Amino acid sequence: MKQTGKYKLVLVTAPDLNTARKLAKSALKARLVACANLIPGLESHYRWAGKIEHGKEVLLLLKTSAARIGKLQSHIIALHPYDTPEFLVIDLEGGYGKYLAWLAESVAR
């Protein structure tokens with residue numbers, strides 16, 4: 001396993017599968033992510049405007065490089081229908097070398 005801090009996993013929730021697909025496709029076309037996994041059927045419970053809320057969402061798992069995080073965040077925020085979209089970045093400590101090389105090549109400009 002190759003050790004690295006150059007790669008990131010980004011979590012974004014979307015209100016529905018159609019929106020999640022649009023966000024994923026747009027980020028892929030812009031070469032901001034190498035891969036987007038969409039996980040439908042998520043049930044979110046959260047506090048919003050002083051009340052506890054819940055609803056169905058789709059979770060996007062976006063794989064990218066550290067160098068693309070700023071542009072990816074701006075891109076997602078600009079296209080997202082939520083006032084305050086989730087955009088959480090997780091550092092990847094390692095992974096399969098060939099996969100990480102593919103990831104880097106996929107988001108290179």
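Where is the place of Trp-102? Trp-102 sits in helix α3, where helices are DSSP runs of H or I with at least four residues, strands are E runs of at least two, and both are numbered from the N terminus. Before we go further, a word on what you are looking at: this is a predicted model, in which local features need pLDDT of at least 70 and side-chain atom pairs count only at pLDDT 80 or more, while totals for chains, interfaces and linings use all residues. Residues are numbered from 1 along each chain as its sequence is written, and side-chain values use heavy atoms, with hydrogens and water left out.

Back to Trp-102, which is partly exposed, with a relative accessible area of 37%; buried means under 20%, exposed over 50% and partly exposed in between (1.4 Å probe, protein chains only). Setting aside residues up to four places away in sequence, Trp-102 touches Ala-34 and Cys-35, contact being heavy atoms within 4.5 Å. The C-alpha atoms of Trp-102 and Ala-34 are 8.0 Å apart, although 68 residues separate the two along the chain.

Now turn to the rest of α3, residues 97–107, whose buried residues are Leu-100, Leu-103, Ser-106 and Val-107. These lie on the same side of α3, because they cover an arc of only 125° around the axis, taken from the directions from the helix axis to the C-beta atoms. An α-helix has 3.6 residues a turn, so residues three or four places apart point the same way. The face of α3 turned away from the buried side carries exposed Lys-98 and Glu-105.

Leaving aside neighbours within four places in sequence, Ile-76 is in contact with Val-12, Leu-23, Leu-62 and Phe-87.

Finally, look at how two helices meet. Leu-23, Ser-26 and Ala-27 of α1 contact Leu-72, His-75, Ile-76 and Leu-79 of α2.
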